[in-house]
Every structure is written in C-alpha cells, then in structure tokens.
Amino acid sequence: MDLYQELILEHSKRPHHAGLREPFGAEVHHVNPTCGDEVTLRVHVEGTGADAVVRDISYDALGCSISMASTSVLAEEVIGHTVAEAMTTHEAMRTMLTSKGADAGDEELIGDGVAFAGVSRYPARVKCALLGWMAFTDALHQAGIDTTTTDSTSNDSTIIERSSKDES
Amino acid sequence: MSATTFTDAELARIRAGFPILSRTVRDGKPLVYLDSGATSQRYAGALDAERAFSEQVNSAVHRGAHQLSEEATDAYEGARATVARFVGGADEEVVFTKNATESLNLVAYAFSNSVAGQAKDPRLDLGVGDEILITEMEHHANLVPWQELARRTGATLRWIGVTDEGRLDLEGVHGPALGELLTERTKVFAFTHVSNVLGTINPVRELTAAARAVGALTVLDACQSAPHLRLDVADLGVDFVAFSGHKMFGPTGVGALWGRSELLHAMPPFITGGSMIETVRMEATTYAPPPQRFEAGSPNSAQVVGLGAAIDYLDELGLDRIAAHEHALTERLLAGLAQRPWVRVVGPADAVDRVGAVAFDVQGVHAHDVGQVLDDQGVAVRVGHHCAWPLHRRMGVTATTRATLAAYNSPSELDTMLDALDRVPAIFGVAS
C-alpha cells in the first residue's frame, strides 16, 4: 500500500522528540472524537515577533501510525525554527494533506512530511495526520504567540480548527 | 436452533436483492461489506416501495380529503401495522421517529417533561433520590440521553459493569451486582438487547423480570437485534423498544419506538407542532392520543413505507433462518480469528448468546491502520470506538476493528477478510 511509506512506519515506531518536557509556554490536549486518538502537546517558544523561535515541542500521543508519525515529523520539522517558518511548514503540510492527491508536497518546506502525500487520497485519514499539527497551532495561540508575522496563514488554521471541532 | 442456514442458491438470491453488493471498490476489488452494524445495505424492494410511494401516491398523510391523501395515509398506516406485527405489539403502540436515537430521547424526555409530582403516571415522576440504571456496554445513543435526563431532573445515573469476557456483570464480580443496582429507587432501566461492539446478547427476560419486581420501567435498544433476532415485546417483557430502519435493510431517516399503550397515553409530547394536537387555542393546546402525539410535523412518509417493505422482507427470509445463517458465519469468523494469536477478540470468544458483531484488537497495530489494510483489499469494516467509548475504556482498548455481519454475507467473504487481515503484521512489522 502506498499509504504506509517506510518513513511513516519508522516515525510511528520511534517517534522523535516524544515525551512531555519542561519548560513550556502552553499545553493542549486534542482528541479525534471519531476514533478516540489523543495527543497532549507542549510548546516552548523563546523571543517575540519575528524573532520568536520554537525551542521545543514535546508530546504524549496515543493513536494510529499516521497520527503518531505526523506528530513526530511536526516536532522534527519545527523545533529550532522561527514561528514564522513553522507556520509556513504547517500551511504547506495542510495544503498537501487536503489536496486529495493533487499536491505531492514540497520536501524543502515539509521534509519527511512528503511521505504523507498519499494520505490526502484517504479523506478519513487526513484528520489523523493533522491531529498533532492542529494541537501545535492551538498551543501557540494558547501561549499567546503571534502567528500572524508570516504570510496570512493564521486565518486558514483557524478554519481547520473549527471544522475539526465540528465533527463529532 | 432448528432453523437451517441459507443454501448457496438462496444466498445468491438474497445478495441479488442488494445491488450495491455487486460493485467493486479500490481498483476493482469486489466489495466485502462487513459494516452492517453501522448501517446495513438497502434492500431493493424497500427502495422500490419508496419510489412507488413517491411516484404514485405522494401527498400529505392524515390530512386532505382527496384520494391521494387517503392512499398515502393507508400506505403510512400500513407500515405501522407491519412494524407492530414485527414486534408483536398493537398498531397504536408504534411511533415513527427519525431513528433509534430520537426514539430513546423521546422516552427520556417523557420523564423530565412530566412536571414533577404531576406526571399522569407516577412511574414517569423522576427527581432527586430516584435512580436511572443503564449499562457500561451502551452505545452513546442509550447513554448520553440518560446522563442528560439525570442532569435535568437531579436523579442519579448508575450502571451495570461489564465482565472481562464482555457480558453484563450481573453477579457483581468487578463492581456492584444487579441486585444492588436495581432497587426501589430505580425508576427506569435502559439497556441494549445486543452490544454493537461485543455482539453479546443480553438476558432481556431476566433483566425485565428483575425490573418489574422493583417497579422500574424498561427501555430496550434493539438496533443491533432487530435485523438478526426475533423480537417479541410480550415475551421479552419490556416497556419500550427502539430501533432504526437503516440498520435493518431499510432507509435512513426513519426509526421506530414501540411503547406499552398505557405508558404512551400517560406521556407528554416530546416534539410539538402540527399533526400532534387535539385542539389549539391561543392560550393552550391539548394533544392527540398516541401515536400521533409523538409524530409532530410532516412525517418522512416515503421512508416509513420503505421501512415497512424492509420488514416484510426480513419476515419473508425468516428471522430464525437469518439467525441460523449468521450464527454459522459468526462461528467461522471467531474460529478464524482464534487461529491468529496476534488477534484478540473483544467480546465473547465463542458464538453462544452472541451475534455477528465481532470487534478485535491486533496487537501493536492501531485499529485505523488495520481497517485501512482491509479496505485496500475491498473489505469494509468499522474502526474506532463505535460510539461506545466507555465500553472501550472498560475493555482496555482505545479503539477496535469491528466486523458486523448481516443476512447477505457469505462464508467466502469472511475468508477474504481473514486473508486481508494476514497482511497486517508484515506491513507494520509486528509479530504474527
């Protein structure tokens, strides 16, 4: 099956940056109500405005291989990057996942995230792949981080959060 | 069980009545539909009945003085008589609803809508100090409405636990026994006939007898039994029964509630509006007798007629033969899963007092991933908590993969499913 790329299986078996750590600016708990998958995620950001950098993402997740691996890739791709870069990565990931197979993903932007291109052909699994990413953007908002310093991605992420909460 | 299973020729004829079963999915693979517990496929005769109603007699039921309205009303009331015959009740004891969820809410709201102390039947008078009893194996549809009723009235919600095997813990091995939970304080006891996850058939007669002994009303969720087992309300001794059309070869958007006549008469309306009234003045309204009292607004008459046709078909096949056929399939599926030590069935391991709702856990692989591999081979199953989240917590699993059988399933479909399942360990690198 093209869905289960080796990279996804590796990340799901050995998730990077897993576990809950301190310090953190906000902790959120997100659930996929259709299957009961859960993630508790903490974000630690240093600096403000354009200099804000994601120093750490730590998490405790329970879920399918797609959601586990996607959260692992999130931590891998975002830790050490500015909030602006993180939001660009998030947007590229979201666009690919919701493209219904049309967008193969840009490795420059999302790294191992390209392994999830196949997920976009399975609408029921898109939510699995976005669980950690939604938790991440929510945690940034909870921590009071300004995510609008980059190219207008915050509106889109708000829309997804709403739609993900609608479905139960 | 004296009834015989379906012959190959009979099964082929049954399958021909469900056109969707001949389609392919995922690059030309024959559909193997094992998700009938979520929604069954539609019998072509039920669709024909809906279409015939819409094309030939469609008009408002119970109003209008023209011929079409008479014929539409006859068709609608004919379906009511069919449902009544199906459960062994009287016509006026059958209320059409949107689905079983609405049927269950209708009963729950009857308690809180009866003004405290002024209920027409003291059994509907619920308040602080009274108790509502449910079980830990309920679908959310027979759980959340009772939680909400408890919240609205101040009554206390209690529940019977589940054993490790997946049966009601009536003896109190892990928690309180039935005798401690079902007491004079219990006003209503709501439970499922068959668990939608475990497949367990609950001992309804024993439970209703115990409830009667303490004066509690009983509400049976029959969604997962109606298409598989014969329902007889007098034999079961229940006060209310709820089920959904779409789980029994009929259309979505229609369900039914059967209720004991004197209780329906004592119950206040749930949803109000047109068609459910006796007289309306600007100051106040009086209500029609049941079942009209509980059917406000224009009903989904074509779907009701479709449900009637689906029930006629279940009767034509014979519930005893359907049960025998599904029992043989369930034994085959359970035996196949038992041969795979990396699979754990969540629910009774043998086919005694259980139907073909078989949930399982593949060690080390999430249910979503199992379901995806099966889907890749054309096998449709459900994954997740199947709207029974507390039950999954009790059984120590986040999610399960669930195959649910119906009269139209064949032994070879189960073999296809088991073959597809055998691909799972290799893909995810777990022990097989």
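How many residues apart in helix H5 of chain B are Glu148(B) and Arg151(B)? They are three residues apart, about one helical turn.

## Basis

This is a predicted model, in which local features need pLDDT of at least 70 and side-chain atom pairs pLDDT 80 or more, while totals for chains, interfaces and linings use all residues. Residues are numbered from 1 along each chain as its sequence is written, chains are lettered from A and ligands numbered from 1 in the order written, and side-chain values use heavy atoms, without hydrogens and water.

## Chain B overall

Chain B contains 15 helices and 17 strands, taken as DSSP runs numbered from the N terminus (helices H or I, at least four residues; strands E, at least two). Of its 432 residues, 58% are buried, that is, under 20% relative accessible area, with exposed meaning over 50% and partly exposed in between (1.4 Å probe, protein chains only).

## Salt bridges

Over all chains there are 27 salt bridges, each a side-chain nitrogen of Lys or Arg within 4 Å of a carboxyl oxygen of Asp or Glu.

In helix H5 (residues 144-153) of chain B, Glu148(B) pairs with Arg151(B), with the closest N and O atoms 2.6 Å apart. Glu148(B) is partly exposed at 31%, and Arg151(B) is exposed at 57%.

Asp422(B) pairs with Arg340(B) at 2.8 Å between the closest N and O atoms. Both sit in loops, so this bridge ties together parts of chain B that are 82 residues apart in sequence. Asp422(B) is partly exposed at 36%, whereas Arg340(B) is buried at 12%.
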